[in-house]
Amino acid sequence: MQADLLLRKLLEGAGGVAPGQYVLALEPEGLDGELPSAIGVGTVSVNVHRTRSELGLRRVLWKSRGAPFVALLPEEIARALPPDLIRRAKAARVHALDPNDVLAAVLQTPVTGTDDPELLDLALSHLSELRTAVSQRTVPTVIDRRMLDELLLDVCVGQRVRKTSPGDLLAGWLSRPPDPSPAVRHLLERNLPVLHAVAGRVLAWALRSPSRLTALVERGILLEIEAELPPAVWGELDQARGDPDLRLAEPVLRTTIVQLAREAIEAMGDRAAPYFDAAASLGAKLLAPSVLAQSTLLPLGLDTRCYEVAERAARGEPIPETELVWISSHRAARLKDREIRVLRELARLSRWLATPEGTPTDVAAHVERYQLDAAFADLSAARLRRAAAATAEYRAQADKILAAWRSRRDRENRGWAELLAQGYVRALHAPGVVPLHRMWREGELADSLRDKMPLYVIVLDGCSYPVFLALLRELAQIGGGIGLALGADERARGIPALSPLPTITSHARGALFLGELPNDPWIGEVEWREQGERKTDPGRFRQNKALAGHSAQLFLKGDLSDGGSSLLAALADRSKAVVAAVFNAVDDQIGSSNTGAELRVSPTEVHGLVPSLEMAFRQGRRVLVTADHGHSPFCGRELRVGDGKTPRWMKVEGGQALPDGFIAIDDDGLGGQAGPKAFAWKVGAYRGTPQVGFHGGCSLEEMVVPLAWLVPGGVPATEPIWWYGGTEPGRSKLPPPPDDTPTPPASQAGRPAKKPRTRPGQYDLFDARRTEAAVSALDVPLGLPEPVMAQLDVSERAALVTLKKNGRARVTELEKALQRPRARIPGFMRQLQRKLHKLKARCFDEQVLPSGEQQYVWCGSEDS
């Protein structure tokens, strides 16, 4: 095909050929292969011959016997031809194709402005590849010098240079350097700065010496360290600092080299290991260990930084979230994912330990402080134990932090136990808390029963408040989201509730279902079996005076063996005013002797739990979740304090000495057996045999039980201030890590949850003063009614002003205007849109760009 095009171009330039004529022509580039024996020109067939000598030409002329033909000759033969052969040829001359004509013929597109001999030679030597490259693009009207350069780059380098990032180019050239010929090098040096700006200039400079490409990566890894580095670190790249062709200031040059190294490393993946080894070797010779530890690329830097953070936490220093952000952003972080999980919880607990302990003076203050603060510390400790089980690193530091956590929690529990000892009955019925046996007659549950609202009551057997917090975090990510509604103070929390002593199933669950403290003797957990539960729990549920006149049904563990089908049917039956179900997933685990595994309960793994919640919401039922008692976790065999069938409580006879961590509390004869009793307050202290969790004692983690209304579209419990940053308000402006905090969807409940912009006590994630100044400077009226404007805070007004001023704004643009992290903008804007909808105002729409980034378009405000 290519030969046919070139031969026709030759005949066209010669003005055609008639019978009895022949055309002499220099053999053009692109005809190195086999030639066609003849080509058709109109009705005439023209033979084609390649001749290598004068004698050969004469032989062709004799054999033709007057038939037209084309003779292709090498230039040296053409110059030596005798005059008689030339005079008899068409136009009495030797014809030749201009290189531009050759290119135009092969590429089937006019070629202009290409008068560089080196460029033309390079193009003529890659005709077939150029033709393929042009066929893969939109056919151009004309090929100019710039386009020809670009085509040759793609052909000679083997990739689309314009669309390939500089770092990817560097990574490819390290394994397969480009053609070393001067023509290709000059082509790259001429075009790289045009296509890739400063990075292209540095790459073009590096191509002059193959060793410079390697230096860009190895030295770039070291130059990434943000510190004053000795000149020796630059190595061969030091020549670039004063190169007249580059003319780059040192900070710009260094930043460019680092960026090239980063991109190349990412592109190479595992193939970058030798370059890391070489950089680490250079760094060990040229830099101090403290400087190397600052590297976000070298694994050594990450290892050193992680160890330092763990040591600082173990010494009692609160670790700011900025440290974890730095560690998580390190290139090698994915290789230490398990270790970073340990560090994250170490940092959290270190910040909690740095907060003031406080001394609550009443029952309600103790319970509230536990729910809003210490329970989250217990959750973090459980997560730390779980994370530490997956790695051998930082075990000693984790043990120190856990010992400090347990010591502080013991002090809190001791203060709580002493308060109970001063008057148990008064404490159990103190203002501001709900005793479990009175939940049917107090608060919203009593109101709902009185209003004949359909109810679904969930009892999570043995679920402590920390485990409840973990379940809430997972529920908020399921489907449309399930969680807590926000209170008047815009905090999501449970209702303060207490389980009676001893915190064992037989007594606590009996009190819950009966609606009063049962009078039958307490039974140790080792003697209590499901058979007993199935007899007494339904009976007590039927005897509950608060449920008189209501159609109620109770589901126990055995009733859920069908996967919850019968429970779902009962929830769908509107004649059932109250449906209650007991889920034993937590209690079954804490009763196990498998202390080698950490407690882990997921709502999606509890048979029937999530489907029953979804069914209840669909049927318009209000959902209340609670537990009969909590539990204290197993923290080690060294906390065993003696023998006994009841791990956390005991009867005291005579002058019997109490085990360590136990306290005598007079129950004033509130049900159960008469006589003095002692209860464990110390975290993890137990009698008898070890198990995953213990209950029966008087600690906060056993007595403070979940009691909360769940709503669709709700949120997890509001985290304390130290969970995401510091130890006092305003110390940190960092957002929570994305893997820890779900973004709940909009509320759909009858009692809707209004998610706040930021939770009280949580750090502001933007500089409000700068946002206020931005709003004042723009001075753009929004045209919203005054009542609507009064409901908008400064950040929400700033977002709307930005949209109205510009007509539209992407997430990256709002990030700058609002001074918020980019990851928080979509959730913030969805929350603002929901708020405006509730206020009957419409200001903007959301779009998704082809890149995947969200864009918000101002559409004006209008009353619904």
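The crossing of helices α8 and α10 is left-handed, meaning that the near helix is turned anticlockwise from the far one by less than a right angle. Helices here are DSSP runs of H or I with at least four residues, and strands are runs of E with at least two, numbered from the N terminus. The model is predicted: local features need pLDDT of at least 70, side-chain atom pairs count only at pLDDT 80 or more, and totals for chains, interfaces and linings use all residues. Residues are numbered from 1 along each chain as its sequence is written, and side-chain values use heavy atoms, without hydrogens or water.

Helix α8 spans residues 145–157 and helix α10 residues 182–206. They pack at an angle of about 115°, with axes 10 Å apart. Axes are lines fitted to C-alpha atoms over the stretch in contact, and angles between N-to-C directions run from 0 to 180 degrees. Contact means heavy atoms within 4.5 Å. On α8, the contact residues include R145, D149 and L152; on α10, they include L187, R190 and V194.

Helix α19 covers residues 363–388.

V715 lies in the loop between β18 (707–712) and α30 (768–778). V715 counts as buried, at 3% relative accessibility. V715 and R491 are 224 residues apart in sequence, yet 9.7 Å apart in space, C-alpha to C-alpha.

Key. Buried means under 20% relative accessible area, exposed over 50%, partly exposed in between (1.4 Å probe, protein chains only). The expected span of a helix is 1.5 Å times one less than its number of residues.
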